[in-house]
Amino acid sequence: MNQAEQFDDLLTCRLGQTQRSLEPCSVVIFGASGDLTARKLIPALYHLHQEGQMPSDYRIVGFARREKTDDSWRDELRQALDEFSRTKPVDAVVWQDFAGHLSYTRGDITEPEAFQALERQLSSYGKEPLRRNLLFYLATPPSQFGQAVEQLHTCGLLHKGGEQGWQRIVIEKPFGRDLESARQLNRELTRFASEQQVFRIDHYLGKETVQNILMFRFSNSIFERLWARGSISHVQITVAEHQGVEQRGGYYEEAGALRDMVQNHLLQILSLVAMEPPVSLDAEAIRDEKVKLLRSLRPLSQEDVARQVVRGQYFAGVVDGELRPGYRQEPKVKPDSNVETYVGLKLFVDNWRWSGVPFYLRTGKCLPVSASEVRVQFCPTPHVLFAADCGQQLDANALALRLQPEEGIYLRFNGKVPGIGVEVRPVRMHFSYDSEFGAYTPEAYERLLLEAMAGDATLFIRRDEVEAAWGIVDSIRGAWGQRPLSNREFYSAATWGPVAADDLLAQAGHAWHEPLLTNHVKKGR
Ligand SMILES: NC(=O)c1ccc[n+]([C@@H]2O[C@H](COP(=O)([O-])OP(=O)(O)OC[C@H]3O[C@@H](n4cnc5c(N)ncnc54)[C@H](OP(=O)(O)O)[C@@H]3O)[C@@H](O)[C@H]2O)c1
C-alpha cells in the first residue's frame with residue numbers, strides 16, 4: 001500500500017466515527033453575559049442539543065459579574081437565539097428542554113468567594129460525572145484567563161492531570177499579544193493544568209471547509225502527487241472582510257489585522273495547505289506537522305519585511321452608493337491611528353517540498369467582498385504549441401478551495417473553444433458543498449465544543465504552534481516599529497488594499513486573483 005492509499009484508509013476510518021458518545025459533563029462559561037456567549041456559544045450548544053449530540057446528561061453554568069437570575073439569563077439567551085440561531089424559528093419545545101440545563105452564577109473572577117459559590121453550584125448536581133467532568137470555557141477578556149485558571153485550581157475544581165474525572169479549559173483568541181505574553185500565559189496555564197487539558201480556539205479550524213483541506217490533499221492521489229515545487233508556481237491565501245471595524249474599534253486598536261487574523265487564521269490555513277502528511281490522524285501527529293511547517297517558514301529580517309510585507313489602512317469611500325467612514329473615523333478609533341486594517345505578505349517555506357515557491361497571504365477589512373479562499377496556482381505548460389502557433393497567452397491551471405461563502409472547490413483548466421481553428425480558453429470544473437451535501441453545514445463552534453467535550457484536541461492549537469506563529473508576527477511588528485503609515489499605505493474602502501499589495505506579486509510576474517462569487521452573494525456581501 002502506498003502512502004496515499006494508507007491515508008485513504010485512515011481517513012475512511014476516521015470519517016466513519018460521525019457520532020461519539022460523550023460522557024456526562026458540566027460546561028461552565030466564564031463571560032456568560034458577553035457577546036460571544038450570546039452570538040456563538042449558546043446557539044452552538046442549543047443546536048447540539050437539538051441534534052441529540054450533547055451528552056446523555058449535562059449542565060451549562062453561566063458565570064459573569066452582572067446580576068441575573070437563572071430565569072433572566074435564560075430569557076436573554078432565548079432572545080439571542082431568535083437572532084443568532086442558524087435554524088429559525090427556534091423550536092419552543094426543544095428550547096424548553098434545553099433551558100432546563102442552564103443556570104447562572106453571579107461572580108467576579110478576581111473574588112475567591114465567587115469560585116466557592118460556583119463549586120457549591122456544581123456540587124449540587126447529584127451525579128458524580130456532572131461534578132467531576134468539567135469544561136471551563138473562558139469567554140472573558142484575555143486579562144482574566146490566568147486568574148480564572150488559578151482560582152479554579154485553588155477552589156478544587158481544576159486538577160492537573162485530571163485523575164478525578166476530567167477538567168478542560170477552552171481559551172478564546174487572542175492568545176497573547178506577542179510571543180512573550182503568549183509564553184507567559186502558557187506558563188500561567190500549565191502551572192495548574194497540563195497541556196492536554198488546554199484547548200486553544202481558532203474557530204477557523206472548526207469550519208468544515210478548513211478541515212477538508214487535509215482530506216482533499218491526502219485522499220486524492222491526483223492532487224497529492226502535484227502538491228510540491230515543480231508543479232505549483234505559487235499559493236494565494238485570501239481572508240477578506242467586506243465590513244469595516246464598526247463597533248469593534250476599541251478591540252481593533254489593540255489588535256490590528258496582523259494580530260487579529262494573520263497570527264491565527266491565515267497561518268493556520270497555511271500550515272494545513274503546506275504541511276507534510278502526518279503519520280496518523282491523531283491530534284499530536286497532525287499538530288507535530290503543523291509546528292514543523294511553521295518552523296520552516298523563512299525568518300523575516302527587517303529588509304525582508306520591507307520587501308515582503310505590505311500593510312494598509314482604509315479611508316472613506318463610497319460603497320454600494322453609501323459613504324463608508326474611514327478607519328480613523330470609526331467609533332473608539334484614534335483620529336491619527338497607525339493600526340493596520342490590511343496585511344499582504346509573501347512567505348517562503350524553506351523545506352524540500354516547497355523550496356522557492358512563494359506563499360502570498362492577504363487579509364483586510366473593508367475589501368470589496370467577504371470571502372476566504374486558498375488558490376493553488378500551477379506552473380504553466382511550455383508555450384511551444386498554442387502560444388507559439390497562435391500567439392495565445394494560455395492561463396495556467398489553478399485550484400481554488402473556497403472556504404466561505406459558496407463553499408466548494410474549483411479547478412480551472414484550458415479547453416478548446418468549439419469551431420474551426422485552434423482557440424483555447426480557460427473553463428472551470430466546480431464542486432459545491434451545497435449541491436453535493438445539502439445546505440446543512442454546522443457552525444464552527446458546534447464542532448469545536450463537541451471536540452472539547454470529547455477531549456479531542458486535533459482542531460485546537462498547541463502551545464508550540466501558538467508560539468511559533470507569534471515568532472513570525474513579532475518579527476514583522478518589530479520591523480514596522482513606530483513608523484507612521486505613509487500615503488502609499490492607505491486604500492479606499494471597498495478596494496483590494498494598497499497598490500503596494502499588487503506590486504508584491506507583480507515583482508515575480510504574479511497577480512492576485514479575486515475570489516469569484518455569484519452576484520447573489522456579492523449583493524449580500
Ligand atoms: N465576540 C466575538 O465574536 C469573539 C470572537 C472571537 C474571540 N472573542 C474573544 O472572546 C472573549 C469574549 O469576547 P466578547 O466579545 O464576548 O466580550 P464581551 O461582550 O465584552 O464579554 C466579556 C464577558 O466577560 C465577563 N467578564 C469580564 N470581566 C469579568 C470578571 N472580572 N469576572 C467575571 N466575568 C467577567 C463580562 O461579564 P460582566 O461584565 O457581566 O462581568 C462578559 O460576560 C474575548 O477574549 C474575545 O477576544 C470574541
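A residue is called buried if 20 or more other C-beta atoms lie within 10 Å of its own, exposed if 12 or fewer, and partly exposed in between, with C-beta atoms placed from the backbone. Keep that scale in mind at each stop.

This is a predicted model: local features need pLDDT of at least 70, side-chain atom pairs count only at pLDDT 80 or more, and totals for chains, interfaces and linings use all residues. Residues are numbered from 1 along each chain as its sequence is written.

**Stop 1: Ser103**

Select Ser103. It lies in strand β3, residues 102-106. Helices (H or I, at least four residues) and strands (E, at least two) are DSSP runs, numbered from the N terminus. Ser103 has 19 other C-beta atoms within 10 Å, so it is partly exposed. Now show its contacts; two residues are in contact if their C-beta atoms, placed from the backbone, lie within 7 Å. Leaving out residues up to four places away in sequence, Ser103 touches Arg59, Val61, Asp70 and Gln121. Then draw a distance from Ser103 to Leu214: 39 Å, C-alpha to C-alpha, for 111 residues of sequence.

**Stop 2: helix α2**

Select residues 35-50. This is helix α2, with 16 residues. From first C-alpha to last, α2 reaches 22 Å, close to the 22 Å expected at 1.5 Å a residue. The expected span is 1.5 Å times one less than the number of residues.

Where does α2 bend? Look at Leu41, where the bend is about 35°. The bend at a residue is the angle between axes fitted to the seven residues ending there and the seven starting there. A proline, Pro43, follows within four residues.

Colour the buried residues of α2: Thr37, Lys40, Leu41, Ile42, Pro43, Ala44, Leu45, Tyr46, His47 and Leu48. Their cover includes strands β1 (25-30), β2 (58-64) and β4 (134-138). It also includes helices α3 (70-84), α4 (92-99) and α16 (444-454). After α2 comes Gly52, with a positive phi near 70°.

**Stop 3: α9 against α11**

Two packed helices are described by the angle between their axes and the distance between the axes. Select 208-218 for α9 and 249-274 for α11. Their axes come within 8 Å and cross at roughly 20°. Axes here are lines fitted to C-alpha atoms, for helices over the stretch in contact, and angles run from 0 to 180 degrees between N-to-C directions. Angles under 35 degrees count as roughly parallel, over 145 as roughly antiparallel, 65 to 115 as roughly perpendicular and the rest as oblique. α9 and α11 are therefore roughly parallel to each other.

Which residues make the contact? On α9, pick Val210, Ile213 and Leu214; on α11, pick Ile269, Leu272 and Val273. The contact residues divide into six nonpolar, no polar and no charged. Ala, Val, Leu, Ile, Met, Phe, Trp, Tyr, Cys and Pro count as nonpolar, Asp, Glu, Lys and Arg as charged, and the others, Gly among them, as polar.

Stay on α11 and select Gly250. With 13 C-beta neighbours inside 10 Å, Gly250 counts as partly exposed. Gly250 and Pro331 are 81 residues apart in sequence but 7.8 Å apart in space, C-alpha to C-alpha.

**Stop 4: backbone exceptions**

Most residues other than glycine have a negative phi, and most peptide bonds are trans.

- Glu246 has a positive phi near 50°. It sits in the loop between β7 (232-240) and α11. Glu246 is exposed, with 11 other C-beta atoms within 10 Å.
- Lys332 has a positive phi of about 65°. Find it in the loop between β10 (322-324) and β11 (342-348). Lys332 is exposed, with 12 other C-beta atoms within 10 Å.
- Lys173 and Pro174 are joined by a cis peptide bond, omega about 5°. Pro174 is in the loop between β5 (167-171) and α8 (179-192).
- Gln404 and Pro405 are joined by a cis peptide bond, omega about -15°. Pro405 is in the loop between β14 (398-404) and β15 (408-416).

**Stop 5: Arg488**

Finish at Arg488, in the loop between α17 (463-480) and β17 (490-492). Is Arg488 buried or exposed? With 12 C-beta neighbours inside 10 Å, Arg488 counts as exposed. Beyond its neighbours within four places in sequence, Arg488 contacts Pro498, Val499 and Ala500. Gln313 is 175 residues from Arg488 along the chain, yet their C-alpha atoms are separated by 9.9 Å.
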